[in-house]
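Please keep the sequence and the model at hand while reading.

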Amino acid sequence: MFSAELIEQLAQELDASEKSRQQVEHFSKRFPGMTIEDGYRVSRAWVSMQIAAGRKVIGHKIGLTSRAMQMASQIDEPDYGTLLDSMLYTATPVEVLAIPASNFIAPRVEVELAFVLKSPLRGPGLEGGKEVTIEDVLAATEFVTPAIEIIDSRIEQFDRHTKVMRKVFDTISDNAANAGIVVGARRAAPASMDLPWCGAILRQNGVVEETGLAAGVQGHPAIGVAWLANKLAPWGESLEAGQIVLAGSFTRPVAAKAGDEFEADYGLLGKLCFKFV
């Protein structure tokens with residue numbers, strides 16, 4: 001297990017990377033004994049630094065929800081990170097949202113659904129907590145809305161020397177690669193639609209790059225939200241009313257650069273239109 005001093009050092013490296021837009025080398029390469037728990041401790045230390053600097057927690061994200069991504073990462077469950085107010089971008093139906101490309105290092109776009117909670121979800125061991133189920137998630141959800149997650153890499157995706165891909169420990173340390181969230185489309189009560197059949201078409205510069213159904217997220221997008229509530233409990237944490245939870249991408253990540261314009265069409269749930277400038 002990493003020492004408190006090493007946790008703080010690596011969190012400082014992530015902070016410096018975000019500010020300088022210069023990626024750091026794989027933690028897992030430099031510290032081969034690294035564990036998943038070490039990764040989450042680094043991530044929490046980095047988030048604590050952001051909070052100390054004035055940022056606010058607005059929710060959480062779930063990643064690696066597809067079986068293919070889990071197998072590629074050599075794990076058997078998703079990962080998760082924290083959403084901060086500085087990451088939030090709100091689109092409108094009448095104009096294309098401009099997002100500064102300079103806010104990111106190597107941004108990629110993922111299509112998701114977001115759950116916005118009206119009541120807390122507390123897992124086993126917490127006061128008033130229990131094993132959270134899909135039914136609990138749906139009952140605690142005020143509305144579901146389309147969301148784009150912008151993922152990024154403060155830790156380089158491929159090692160600069162060996163070209164080996166980073167390990168899951170690195171991704172977890174890096175706040176599960178989270179860097180931005182775009183919202184602003186329609187809102188719907190979860191009981192008003194068949195969530196696994198919610199789909200989207202992602203266009204990049206007018207070309208269809210990805211299509212998908214929310215069933216791609218473990219069969220039902222609420223499964224991951226329940227999993228997260230239970231996973232946070234041993235850390236003394238819970239999902240709170242008003243928070244946004246990104247349930248996981250049901251498309252592959254699409255690389256973006258300055259000048260790229262995206263349209264995520266969710267059908268009856270509306271569109272999210274944005275451009276990196």
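Gln204 has Val207 of β9 as its bridge partner. The model is predicted. Strand β8 covers residues 199–204, and strand β9 covers residues 207–213. Six bridges join them, and they run antiparallel.

Two residues lie between the strands of this hairpin. Asn205 takes a positive phi there, near 55°.

Asp260 sits in the loop between β11 (254–255) and β12 (261–265). Is Asp260 buried or exposed? Its relative accessible area is 3%. The cut-off for buried is under 20%, so Asp260 is buried.

The side chain of Asp260 reaches the side chain of Gln204 in a polar contact of 3.2 Å.

Strand β6 spans residues 141–151. Of its 11 residues, 10 are buried, so the strand is largely enclosed by the rest of the structure.

Which strands pair with β6? One is β5 (residues 108–117), joined to β6 by 10 bridges in an antiparallel arrangement. Here Glu112 stands opposite Ala147 of β6. Another is β7 (residues 178–183), which pairs with β6 over four bridges, also in the antiparallel sense. In this pairing Glu149 stands opposite Ile181 of β7.

Notes
Residues numbered from 1 in each chain as written. Predicted model: local features only at pLDDT ≥ 70, side-chain atom pairs only at ≥ 80, totals over all residues. Heavy atoms only, no water. Buried < 20%, exposed > 50% of the residue type's maximum accessible area, 1.4 Å probe, protein only. Pairing = 2+ DSSP bridges. Polar contact = N/O pair within 3.5 Å; in protein donor to acceptor, adjacent residues only side chain to side chain.
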